[in-house]
Amino acid sequence: MVMTGKADKILFGGDYNPEQWDEAVWEEDMRLFKLAHIDTVTLNVFSWAALQPDENTYDFAKLDKILDRVEANGLKVCMATSTAAHPAWMARKYPDVLRTEHNGMRRKFGSRHNSCPNSPTYRKYAAALAGKLAERYRNRESIAAWHVANEYGGECYCENCEKAFRSWLKEKYGTLEELNRVWDTAFWGHTFYDWEEVVVPNLQSEEFYWEGSIRTNFQGISLDYRRFNSDSMLECYRLEQEAVKKYTPHIPVTTNLMGFYKPLDYQKWAQNMDFISWDNYPAYGALPEQAAMTHDLMRGLKQGMPFALMEQTPSVSNWHTYCALKRPGVMRLWSYQAVAHGSDTVMFFQMRRSIGACEKYHGALIDHAGHEHTRVFREMETLGAELEKLGGVLPGGRTKAKAAIVMDWDNWWAAEYSAGPSRLINYTEELLTYYKAFYRLNIPVDMISVEDDLSGYQLVAAPMLYMCKGGFDEKLRQFVAAGGHFLTSYFSGYVEEHDLVVTGGYPARLRDILGIWVEESDALPEGNKNCFSYNGIRYPASVMCDLLHLEGAEALGAYGEDFYAGYPALTAHDFGKGKAYYVATRSDEAFYKELIGQVCEGAGIRPLMDAPERIEVTVRENGNGVFLFLLNHGEDTEEVMLPAAGEELLTGIRYGAGEKIVMEKKDVAILKMDGWTER
Ligand code: GLA
Ligand code: ZN
């Protein structure tokens, strides 16, 4: 369960900042919340300066009142700890709380997410505040979850961090000799003779801008700094978590994550969180499959446990380049998309639009007009009523997937730090390419980490597994030997966990499983293409073309052009009872759909059902039954033929097997199926 209390419905609400308003407004808020069927509010996200006006004073009077008010109105509270922005007095008195940027610039007070994660002052006072809040509100039954800080993120390169980095390295590597080995410091005469010689990798040292992104001369150093920075922030989270758990061990603790957020290794974070929550802000024009993949990534962080959609905007995000409105129906559609992928909440930023500073034009339930007679309010009210009507039938539902895609933060960092082979190397884009194919085929997929158990899957895809770390190859070997199907792509298996090349021929530790040897790789400049044939159709090859030898695998397609025409571009290898596929290049959507379709068929995985192209299909099941979600992301009315009989829960209409359900554009159907058999 994502929050405490009875899971009697999908929770509906979001960030509420009454401290920005007079009390007279609070009463009106309560009226409007009731109208919109709001049941949960996230309080106290940015109130540190109010709660602690100076070093020795804490003042909870206003928050007490706010809590009294929301409790009197029967609302659940997701209680934030307010530590994502430190007070101005703290920055003045203890400048060690301030961050230093990548270019070495020391910041002054300002903005938010502004504290150095290794500042002793920040750690001490953040944990103290969290503890005081928990102590004070330990008996408030309205508190359903702790929301630590807010969207942890960014990096710091200050002296605190430099010192802490050295300790982190000492702890990890023990000796300078080992440090020199894993960083390959014999290159460019970097040998370290004293830990104090190690400095943070930033623009002042190893890193530089290259074609719009940050590059590094020493991948090993930069990679470790990313790990260290993620660990440092995680430590801040853990300190606060510990502080609140001391008083309220029964209340689950979370922090709002941000999907594919590169700086933090969420798979490591998740092990320390009671439940996952995240903020979904797709850019205008983003594809529904991007959000779908991100929801699946968030669900995968805790092995399929339901998560919380902590924030999304009801209408606009003020910080996009063009703050386009969510079209009618889209907010509802995307809310159900989150639920369809495993969320047990539909929450928003924010309940009431502020009047000042940079978020005054961000969407809200209650607009500056101040009343309920707006399109956005009406849409939220309708959704709120629906969720109330649905009641407790959906929460706790799990997704059953027989296919998984591997996502690994270390690999993301390493692959994209890699100097060469191509500027077009893009890990998450590669993942999306594969994900899309499953999505279009209506085949559910889990996004998993290299630590997860593979034995429940029939197919594991790990595209662009540049870094194959810590025994993952052995796990794959056993998985395939036992009958599993495995799929990977170009730029895989090059390095181990320190980004040191595994010599002896690519893809090194994956070579025996795949039955190939990649001798060379040709990076094709943007716009250049080769081609290959597969199942009699010619597909484009771009980005990279591996020149590989078969070592037991068979070629399923070969390049059509250049000096390596005739070399395999796609291979399959029978290994033990299973099969391992290798895609030696990058191709187009049609190819991946064809390939994934065939690989799934070979692995005994069938689509959930057939549906028109723009209809998204997912299934969640719990003790109440099997629920089929149909989401029309398109611009047209669609007819969807149902594979089995069931009751549509939003309309109460019953459909027989083979009957068609008509879906208007942006519409949603949730069917409780009578006899859903495992496909
Ligand atoms: C983030 C933050 C919120 C708010 C919204 C605006 O998700 O967590 O505090 O700034 O963005 O989109
Ligand atoms: Zn710092």
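Student: Which strand do 3 bridges join to β1, and in which sense do the two run?

Tutor: Please bear in mind that this is a predicted model. In it, 3 bridges link β1 with a strand formed by residues 40–43, and the two run parallel. Within this pairing, D15 stands opposite T42. The strand joined to β1 is therefore β2, and the sense is parallel.

Student: What is the handedness of the β-α-β unit that contains β1?

Tutor: The unit consists of β1, helix α1 (residues 23–36) and β2. A crossover is called right-handed if, with the strands pointing away from the viewer, the path from the first strand over the helix to the second runs clockwise. The unit in question is right-handed.

Student: What is the bridge partner of G13 in β11?

Tutor: Strand β11 covers residues 343–348 and pairs with β1 in the parallel sense over 4 bridges. As for β1 itself, 5 of its 5 residues are buried. In β11, the residue that partners G13 is M347.

Student: Which geometry does the site of the zinc ion (ligand 2) have?

Tutor: The protein donors are the SG atoms of C116, C156, C158 and C161, lying 2.2 to 2.3 Å from the ion. Four donors count as tetrahedral if all angles lie between 85 and 135 degrees. Here the angles among the 4 donor atoms are 99 to 118°, so the site is tetrahedral.

Student: How many residues apart in sequence are the parts that C116 and C158 tie together?

Tutor: Along the chain, the donors of the zinc ion (ligand 2) follow the spacing C-x39-C-x1-C-x2-C. C116 lies in the loop between α4 and α5, whereas C158 lies in the loop between β4 and α6, so the pair ties together parts whose separation in sequence is 42 residues.

Student: Is C158 buried or exposed?

Tutor: A residue counts as buried under 20% relative accessible area. The value for C158 is 3%. C158 is therefore buried.

Student: Which backbone oxygen does the side chain of T433 reach?

Tutor: T433 is found in helix α14 (residues 427–440). With 11% relative accessibility, T433 counts as buried, and the residues that T433 touches include R586 and Y592. Its side chain reaches, at 2.8 Å, the backbone oxygen of E429.

Student: Which residue is joined to G420 by a cis peptide bond?

Tutor: Most peptide bonds are trans. The bond in question has an omega of about 5°.

Student: Is M464, which has a positive phi, buried or exposed?

Tutor: Most residues other than glycine have a negative phi. Phi of M464 is near 45°, and M464 lies in the loop between β14 and α15. Because its relative accessible area is 0%, M464 is buried.

Technical notes:
Residues are numbered from 1 along each chain as its sequence is written. Chains are lettered from A and ligands numbered from 1 in the order in which they are written. This is a predicted model: local features need pLDDT of at least 70, side-chain atom pairs count only at pLDDT 80 or more; totals for chains, interfaces and linings use all residues. Side-chain values use heavy atoms; hydrogens and water are left out. Buried means under 20% relative accessible area, exposed over 50%, partly exposed in between (1.4 Å probe, protein chains only). A polar contact is a pair of N or O atoms within 3.5 Å; within protein, one must be able to donate a hydrogen and the other to accept it, and residues adjacent in sequence count only if both atoms are side-chain atoms. Contact means heavy atoms within 4.5 Å. Donors are N, O and S atoms within 2.8 Å of the metal (3.2 Å for Na, K and Ca); water is not among the atoms, so sites may look incomplete. Four donors count as tetrahedral if all angles lie between 85 and 135 degrees; four count as square planar and six as octahedral if opposite donors are over 155 degrees apart and all others between 65 and 115; anything else is irregular. Lists of a residue's contacts leave out its neighbours within four places in sequence.
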